[in-house]
Amino acid sequence: MARKITYQQAINEALDQEMARDASVIIMGEDNAGGAGAPGEEDAWGGVLGVTKGLFHKYPGRVLDTPISESGYVGAAVGAACNGLRPVAELMFVDFIGVCFDQIYNQAAKFRYMFGGKAQTPVVIRAMYGAGFRAAAQHSQCLYNMFTHIPGLKVVVPSNPYDAKGLLIQSIRDNDPVIFLEHKVLYTMEGDVPEESYTVPFGEANVVREGDDVTIVAFGRMVNQALLAAAALQKQGIHCEVIDPRTTSPLDEDTILESVEKTGRLVVVDESTPRCSMASDIAGLVAQKAFGALKAPIEPVTAPHVPVPFSDALEDLYVPSPAAVEAAVIRVKEYR
Amino acid sequence: MSAIHTLTMPKWGLSMQEGKVNGWLKKLGDTIAVGEEIVEVESEKIAGAVEASVAGVLRRQSAGEGDVLPVGGLLGIVADADVADAEIDAAVADFMANFTPATGDEEDAGPSPEKIEVGGKKLRYLKLGVGGSERGREVGEPMILIHGFGGDLNNWLFNHAALAVDREVYALDLPGHGESSKDVGEGSLGALAAAVTGFMDAVGIESAHLVGHSMGGAVSLTVAAAAPERVRSLTLIASAGLGEDINGAYIDGFVAAGDRRALKPLLTELFADPALVTRQLVDDMLKYKRLEGVGDALRTLAGSLFENGRQATVLRETAARFGKPVLVIWGADDRIIPAAHAQGLTAPVLVEVLPKQGHMLQMEAANEVNRLIGRFLG
């Protein structure tokens, strides 16, 4: 597995391979083809950061530029999914979910349940999320927790190129609506990715690093912050186990609980704001199901309860840092 | 001046950049013979022992238990007892002043696997060592390493370079495995053997020493039966094809296992020391199993070769009557294919059973296996 590609290339390759394999896979979104498909401007963009670039000409008629109306094309994608296609709709920034949320949470997520299991909605909503891009309050949020709250949605937060490809292929093949969230800061991250097609199953956490002292559960980009902290802590003789759940729904509870049973100490790293977050969700899970194993209070490391600031200096402080993770691990390790 | 020898962190496989010292097996001042294991180190993939390439006394332990060193970093010093301490300190200081860890860039990685088309299918292989024609002097005949069921060329991590010192050695991913094509056809030994001879044609090997592990041993035997002129010798390690028994629960479990929880206990069956089954080893195996086509390939092979816990093909006669050198190596505690299959094979077949070793003995007892093969081939 010597080939290294970026997170962004891994997503493009997953789309490419699934479109080649299955003619019912289509792409819809704003500027996916570029210039609203006008002659001479086709494939000019490939999405905001060029993730879908190259697919427009390769799969004629299957990469659709839409009007700037999330409520329109996300609804269309949900409808198309109900009628036999496997649309991958791209929402430029997950922050735009507000205008098309009904189509997702009150329609797509409900069909399987409301129609007695007879309907399926194999739609994927891809969206960029996360801070660190100087894109301010309305283009930087970390909202996976909102989708995780809703039964009927599957929520995917890949932290590296290998997982991005395998999880996206799994998302496209899945028969339920999947929210696939791509952290824009990770787009340039390189990693080993097989050229062949493969799937990474939902609800199977990745134990990224093994250790006996403290469990760190981290999501998306935060997995990498946790790994940096764990490497620094190793030098101080503290061995962290780093768990990347990969999907927040379904959630691999067993891997988290088994780890805490072993370490007795838990830090949860979550880029979302703290209230009703994955950090509080995991803390609640462990407090309920592994209470007896805990040797210290659970430490969440999250963004503060404010919108993402526009100021560079403040945005850098806003995102949980490896240093913040390190400090939290030391607090739970030293707790008596 | 008496020689001062540095013990350094080995490089096991392409991705290894650093290793951890698990513990010293020799004490300061111990006298050490060539081939003795001195210190145990661990990469993220696997643990193993560093052995002495020279005789002497262990004079320094420069790294302590738990220390993490870059590949090539100084573990310790072996020198004769009469070398002055000052000389050794100077050698250590000199090493430290001049050592720069590899950056991990591709240029440092050395030879990397290649792919070649054989009968319309891609096969991946890694070649180490150089042959006689390239070197302009007499060296050994080429060798091909053939892994077992569910394995790949990385199974030879600890053997490949050692065996390639005086010959060219190819490690191959069989069809359905590693990064080779996942099309195994009918999944017969004949089909796998045809891939091996096709590979030999493609890279221009007239004849070779075949070293096969487990299912790869049965493949080697099949090549020897079908095209004896192309096989110089056979080394069969924990080999299939020498009896009917095989651990059916392992085979079926391995084929079915889809996640870490299911796979890890199965993989521990392969090793005498379960601690060798690291997170990375399990993860690499899962990554392989998730590839498109692997599930079908493994099911087809298992159905054709190992259905209901029995081996469909027994090739003891081939081994006995081959007429060229045959070496059989087994771990006494093999939990996949019993070492009892080594019994009853008589001269000229050579049999070596290593006590307290499991199925993956070419990894776990790499030094011993390398020595046996080296001696066997003279």
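Predicted model: local features only at pLDDT ≥ 70, side-chain atom pairs only at ≥ 80, totals over all residues.
Residues are numbered from 1 along each chain as its sequence is written, while chains are lettered from A and ligands numbered from 1 in the order in which they are written.

**Chain B: between the domains**

Eleven residues of domain 1 of chain B are in contact with twelve residues of domain 2 of chain B. Contact here means that the C-beta atoms of two residues, placed from the backbone, lie within 7 Å. Now select strand E5 (residues 47–51) of chain B. With four residues, strand E5 gives the most to the side of domain 1 of chain B that touches domain 2 of chain B. That side of domain 1 has four nonpolar, three polar and four charged residues. Ala, Val, Leu, Ile, Met, Phe, Trp, Tyr, Cys and Pro count as nonpolar, Asp, Glu, Lys and Arg as charged, and the others, Gly among them, as polar. Helices (H or I, at least four residues) and strands (E, at least two) are DSSP runs, numbered from the N terminus.

**Across to chain A**

Show both chains. Nine residues of chain B and twelve residues of chain A make the contact. On the chain B side, three are nonpolar, two polar and four charged.

**Chain A: between the domains**

Chain A also has a domain 1 (4–192) and a domain 2 (206–334). Their C-alpha centres are 27 Å apart. The contact takes 25 residues from domain 1 of chain A and 23 residues from domain 2 of chain A. On the domain 1 side, select helix H6 (144–148), strand E6 (154–156), H7 and strand E7 (178–183) of chain A; these are the elements that give two or more residues. That side divides into 14 nonpolar, eight polar and three charged residues.

**Chain A: H1 on H7**

Select helix H1 (residues 7–21) and helix H7 (residues 161–173) of chain A. They pack at an angle of about 30°, with their axes 8 Å apart. Axes are lines fitted to C-alpha atoms, for helices over the stretch in contact, and angles run from 0 to 180 degrees between N-to-C directions. So H1(A) is roughly parallel to H7(A), the word for angles under 35 degrees. Show side chains: residues that meet include Tyr7(A) and Ala10(A) in H1(A), and Leu168(A) and Ile172(A) in H7(A). The contact of H1(A) with H7(A) has nine nonpolar residues, one polar and three charged.

**Chain A: the sheet**

Next, select the open sheet of seven strands in chain A. Its order is E3-E2-E4-E5-E7-E6-E12, and the pairing is mixed. Strands pair if DSSP finds at least two bridges between them. Strand E3 (63–65) and strand E12 (247–249) of chain A are at the edges, each with a single partner strand, so one side of each has no neighbour in the sheet. On average, neighbouring strands of this sheet are turned by 20° against each other, direction ignored. Zoom in on strand E2 (residues 25–29) and strand E4 (residues 86–93) of chain A, which pair in the parallel sense over five bridges. Finish at Met28(A): its bridge partner in E4(A) is Ala89(A).

Technical notes: Parallel < 35°, antiparallel > 145°, perpendicular 65-115°, else oblique. Domains from an automatic or database assignment.
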